[in-house]
Amino acid sequence: MTTALIFAASAAGLVAGGLITMSAGRVACGEALSLRSRCGACRASLRHGETIPVLSWLVLRGRCRHCSARIGFMYPVVESSTSALLVAVALRFGWDWRLFPPLVLAVALMALSLVDLYSYRLPDRLVFPALGVSASAILAEAVNRGDRWVLWYALFGMCVYFSFLLVVHLISPRGLGFGDVKLSLLLGLNLGWAAGVAGGDWVDVVRYVFWAQLLAGLIGLVGGILIGVLRRKLERDVLPDPQVVDGQPVGILAQSFPFGPALACSTMAVVLFADSAPAF
């Protein structure tokens, strides 16, 4: 049973990762979404055999078959990472209705993180549909178990996380974009749900949100310093910053960097290892 679960989650993760890499660039550029894959350089439509996650990239040696343009290493990395993440979620929750909310969350956060890395934006056209699907998965899980309290915990977590980041945004709007505040609705909803299914109470919901935010701050701090150092040492923008003027770095922390991936990583960590989160 465990082998079948791992195989199913791994395959689903590869497929989801392929869809994420195909769609992230289009969402970041405001283009219409489509299931039709194409080369980003020559715009040639790709056949099904050219879009097999990871394998096609290896067979084609990271280049387009039509124009020989280089296909970024990000493609197999995202596909493999999504697969590994879904396997971790499946092993944590098993064959159970509880599996669906974190699966939805994992795929949504991978997509949102990639778009944020591309464009430093978390577009509403992705955040709110993800929130709706995630809420539906939580509702279905709660109805199946007959546990109405988990819904209240989920809503409470959503309000707590949103309120906290909203205050931070109002204090420092340049330090924390409103896109991150909107993302907190999705994060808090799932953190509250995780506290509920773990048998927690209202205090545990706040505890999960607290640890998720603390971990996000640490990840963001380390990531920001690392990106700043690399920008200076390599004298180029290793992570393209839309707000850079003439490509001139001013200081290690002077240029912006996307905070969404840090929020996503910390939330997934707490959802997966919620039982290990220290008490207050």
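Predicted model: local features only at pLDDT ≥ 70, side-chain atom pairs only at ≥ 80, totals over all residues.

Reader: Ok, how many salt bridges does the structure hold?

Author: There are 5 salt bridges. The cut-off is a side-chain nitrogen of Lys or Arg within 4 Å of a carboxyl oxygen of Asp or Glu.

Reader: What's the N to O distance for Asp 204 and Arg 207?

Author: Their side chains meet at 2.7 Å, N to O. Asp 204 and Arg 207 sit 3 residues apart in helix H8 (residues 202-234), so about one helical turn separates them. Helices here are DSSP runs (H or I, at least four residues), numbered from the N terminus.

Reader: Are Asp 204 and Arg 207 buried or exposed?

Author: Asp 204 is buried, and Arg 207 is buried too. Buried means under 20% relative accessible area, exposed means over 50%, and partly exposed is in between, with a 1.4 Å probe and protein chains only.

Reader: And which residue does Arg 145 form a salt bridge with?

Author: Arg 145 pairs with Glu 141, and the closest N and O atoms are 2.2 Å apart. Both lie in helix H5 (residues 124-145), 4 residues apart, which puts about one helical turn between them. Arg 145 is partly exposed at 34% relative accessible area, whereas Glu 141 is buried at 0%.

Reader: What about Arg 98, which partner does it meet?

Author: Arg 98 meets Asp 96, with 3.5 Å from N to O. Arg 98 is partly exposed at 25% relative accessibility, and Asp 96 is partly exposed with a relative accessible area of 33%.

Reader: Switching to rings: how many aromatic pairs are there?

Author: The structure holds 7 aromatic pairs. Rings of Phe, Tyr and Trp (its six-membered ring) pair if their centres lie within 6.5 Å; planes under 30 degrees apart are stacked, over 60 edge-to-face, and the rest tilted. Take Tyr 153 and Trp 202: their ring centres are 4.8 Å apart and the planes are at 75°, so the pair is edge-to-face.

Reader: Where do Tyr 153 and Trp 202 lie in the chain?

Author: Tyr 153 is in helix H6 (residues 149-171) and Trp 202 is in helix H8, 49 residues apart, so this pair links distant parts of the chain. Tyr 153 is buried at 11% relative accessibility, but Trp 202 is partly exposed at 36%. Together with Trp 149 and Phe 156, these two form one aromatic cluster.

Reader: Now Ser 266, which helix is that in?

Author: Ser 266 is in helix H9 (residues 260-272) and is buried, with a relative accessible area of 0%. Its side chain reaches the backbone oxygen of Ala 212 at 3.0 Å. Neighbours within four places in sequence aside, Ser 266 is in contact (heavy atoms within 4.5 Å) with Ala 212, Leu 215, Ala 216 and Ile 219.

Methods: Residues numbered from 1 in each chain as written. Heavy atoms only, no water. Helix = DSSP H or I, 4+ residues; strand = E, 2+ residues; numbered from the N terminus. Polar contact = N/O pair within 3.5 Å; in protein donor to acceptor, adjacent residues only side chain to side chain.
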